[in-house]
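Hi there,

Here is the structure I promised to pass on to you. Have a look at it first, and then read my notes below.

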Amino acid sequence: MSAVAPPRPSRTRTRLVASVVCVVVVVAFWSVDINWARLGNLPSEIVRYLWLMFSAPDWSKLGEALYQTWRSVEMAWVGTVFGIIIATPLSFLAAKGFGPPPVQAALRGVFAVIRAVPEIIIAIIILSVTGLTPLTGALALAVGGIGTLGKWGFESIDGVPRGPIEAVRAAGGSTSQVLRWGVWPSASPEFLSFWLYRFEINVRASAVLGLIGVGGIGDMLTSYTQYRQWGVVGMLLIVVVIVTIALDAISGAIRRRITEGAPVHDLER
Amino acid sequence: MTVPEPAFALAPERKKAASATPPPRPAGRWKPWLAFGVIAVITAVTLSPQVGIAFSFDAIVRNWQNGAAKIVQLLQPDWSFFPRTIPPMLETLEMAVIATAVSTVIALPLSLWAARLTNPNWVGRGLVRVILNVVRAVPELLYAAILVAMVGVGALPGILALVLFNVGIIVKLVSEAIESNDAGPLEAGRAAGGTQAQINRAVALPDVWPSFVNQVLYVLELNVRSGTVLGLVGAGGIGLLIDAVRTYFRYDQLSVIILEVLVVVILLELVSSAIRKRLV
């Protein structure tokens, strides 16, 4: 007696999706304007440039590099603080049950639009008012931050348990008292942790903003790339990597402390 | 003779309640204020004119006329410019697709290599992780700026910059997803006598597939978004056009580009979130 194997699940759809993806990729490769012949000697070129950059990093410009890094980090910090100050009230208004529904929908739309525009384009728009100064960079990061901070903010307020809010309302609390005693205690760890996360994002973005000339480490990096002083470029890359990883580590440690609570020690005491 | 009862004895309970001290306030209430103080001090330093970024209202007020004119221009998009934006926008999309495809191929084996469950050898694992952490610390636009100086202007440096950045992100997120998976099936594979490669192929890969596709979609979104600005440093795509119109201060044309980028990014986000819902 031969047992009949169950029919294989239909894979038509998987195959269809896979072939569509393949076609898109092939079309992209086929139509993009690249001199593929250049790809052949690319590996040796890259090794040559890596050697130029990192065999003898030029440490004589380290002082200026650190100063420019400080300017970048300042931009990131000010951008984060301004972003928080503007975005937090807006995220309360955009949360369910606090703002009027039309305002809610409009704010959520504004957040989505801001998130779709890269910070560097925001900076290009702002610089017609503030000129090529670090302030432009900070303001661009603040505006860009409204998009992400606002979204994360209303999402975490929506996720707050309703019980405490109702309790405060029942006790006769005003809206601001509801926010302070019903929402903030359960939402604050999330808020603090995504504020820090946004700072990490801003540190990276502030280096990028230097490219349009608002100052900071990105500005210095593009200048020396254009002068083709590869020793200095290598040193700058090392500085960027170390500073970014260090700030990420500090902010990550604080975030873990906030979301996971204090380490437990001295249980006997 | 009846002794009059003292009035205060009528409510002993209430008296006790009134004199009872409330429980002590939890200690450490100064901590938030300390944190707030530290933040305020840092902010003040970064805003001060000597060492900081010199926040000045004067400049803003002085340039307001100029800026307002630009914003008005921004609000009147020059639609006749639209046909010229299509080829560079297509190039941006092509770059994003190619970079996503290439980095997918590179990142899949590397993510298996960077997770503890699928690579018990800690030396190789640590090496991959450290290198990728370093690679990830530099934003893609800085890579693009350097690569343009290396290999010349065009889409190629843009794609390379995106690939460098993407591999870092995909490997990090996917290897974390592998680590959070159940180790049981992998142990079963080992008990059945499979080599690590066989286990990874037969057990780990089907497990991580949904999260892998998820991250690839996420990276595609990121690529379109950052692909629009890579051209600012000469790395191809619509950014080249952004750079051109901004040097001539044609903000009416800039607004056409921004609107186009907006539409493309939001459409892509809708499509990929629809796909993601099917996956999960």
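Let's start where the two chains meet: 50 residues of chain A are in contact with 49 residues of chain B (two residues are in contact if their C-beta atoms, placed from the backbone, lie within 7 Å). On chain A's side, helix α5 (residues 119-130) gives the largest share, seven residues. Helices here are DSSP runs of H or I with at least four residues, strands are runs of E with at least two, and both are numbered from the N terminus.

Please keep in mind that this is a predicted model: local features need pLDDT of at least 70, side-chain atom pairs count only at pLDDT 80 or more, and totals for chains, interfaces and linings use all residues. Residues are numbered from 1 along each chain as its sequence is written, while chains are lettered from A and ligands numbered from 1 in the order in which they are written.

Now for chain A itself. Its secondary structure comes to 10 helices and zero strands. With a radius of gyration of 26 Å, well over the 18 Å that the globule rule gives for 269 residues, chain A is more spread out than a compact globule (the radius is taken over C-alpha atoms, and the rule is 2.2 Å times the number of residues to the power 0.38). Its C-alpha atoms fill a box of roughly 80 × 70 × 55 Å along the principal axes.

Among contacts in chain A between residues at least 6 apart in sequence, 74% join residues at least 24 apart.

Happy exploring!
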